[in-house]
Amino acid sequence: MLSSLQVLDTDTFAFCCSSGRLGLVDTRQKWAPSENLSPGPGSTGRQWCAEAGGRGPGPSIARLGSDGQLCLLDPRDLCQPVSSVQCPVSMPSPAFSL
């Protein structure tokens, strides 16, 4: 299931699936997206989304997991994060029964 889609320029866009699959499509090329098939081991059960943006010579892609794992990626190499950090995530308290 697609969780996010971002237009990078007139010919390319990035997509992220809720499973963590991340890809880049260039409409000038045959359908063969450059992609990272999964975010890595131990990611089962997480939900992922991504956003492209940034400053400098080109865009960066940030991918965020529901467990707080944040990865910054360069669109030229989606297999190796430029940086990764674990963000604190507050979990909802369990429902109380009366």
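**An all-strand chain and its nonpolar core**

Gly-58 lies in the loop that links S5 to S6. In this predicted model, Gly-58 is partly exposed, with a relative accessible area of 30%. Gly-58 and Leu-8 are 50 residues apart in sequence. In space, their C-alpha atoms are 9.3 Å apart.

The protein chain has eight strands and zero helices. Read from the N terminus, the elements follow the order β-β-β-β-β-β-β-β. Of the 98 residues in the protein chain, 28% are buried. Contacts were also considered by their separation in sequence. Among contacts in the protein chain with a separation of 6 or more, 23% are between residues 24 or more positions apart.

The mean pLDDT of the protein chain is 80. A value of 70 or more is reached by 77% of the residues. Among the elements, strand S4, residues 34–36, has the lowest mean pLDDT, at 73. The highest mean, 92, belongs to S8.

Four strands form an open sheet in the order S5-S6-S7-S8. Their pairing is antiparallel. Strand S5 (48–53) and strand S8 (83–86) stand at the edges. Each has a single partner strand, so one side of each is left without a neighbour in the sheet. From one strand to the next, the twist averages 15°. S5 and strand S6, residues 60–65, run antiparallel and are joined by six bridges. Within this pair, Ala-50 stands opposite Arg-63 in S6.

S2 and S3 are antiparallel, with five bridges between them. Phe-13 stands opposite Val-25 in S3. The hairpin of S2 and S3 has four residues between the strands. In this hairpin, Gly-20 takes a positive phi near 105°. S3 also pairs with S4 in the antiparallel sense, over three bridges. Here Leu-22 has Asn-36 in S4 as its bridge partner. S3 is mostly covered, as four of its five residues are buried.

Thr-12 belongs to strand S2, which spans residues 12–17. The relative accessible area of Thr-12 is 13%, so Thr-12 is buried; the cut-off for buried is under 20%. Leaving aside residues up to four places away in sequence, Thr-12 touches Val-7, Val-25, Asp-26 and Arg-28.

The largest nonpolar core has 11 residues in all. Its members are Ala-14, Cys-16, Leu-22, Leu-24, Trp-48, Ala-50, Ala-52, Ile-61, Cys-71, Leu-73 and Leu-78. At least two residues of this core come from each of S2, strand S3 (22–26), S5 and strand S7 (69–73). S5 gives the most, with three residues. In soluble globular proteins, nonpolar side chains tend to be buried together. Ala-14 is one of the core residues. Beyond residues up to four places away in sequence, Ala-14 touches Ser-4, Leu-5, Gln-6, Leu-8, Gly-23, Leu-24 and Ile-61. Among these contacts, Leu-24 and Ile-61 are also members of the core. Ala-50, which stands opposite Arg-63 in S6, is a core member too.

The cysteines were examined next. The structure holds zero disulfides. For Cys-49, the closest cysteine sulfur is that of Cys-16. The two sulfurs are 6.6 Å apart, too far for a bond, because a disulfide needs sulfur atoms within 2.5 Å. Cys-49 counts as partly exposed, at 36% relative accessibility. Cys-87 is in no disulfide either. The nearest cysteine sulfur to Cys-87 is that of Cys-71, 9.6 Å away. Cys-87 also counts as partly exposed, with a relative accessibility of 25%.

Methods. Residues numbered from 1 in each chain as written. Heavy atoms only, no water. Pairing = 2+ DSSP bridges. Axes fitted to C-alpha atoms, helices over the stretch in contact; angles between N-to-C directions. Buried < 20%, exposed > 50% of the residue type's maximum accessible area, 1.4 Å probe, protein only. Contact = heavy atoms within 4.5 Å. Core = buried A, V, L, I, M, F, W, Y, C linked by side-chain atoms within 4.5 Å. pLDDT = per-residue confidence, 0-100.
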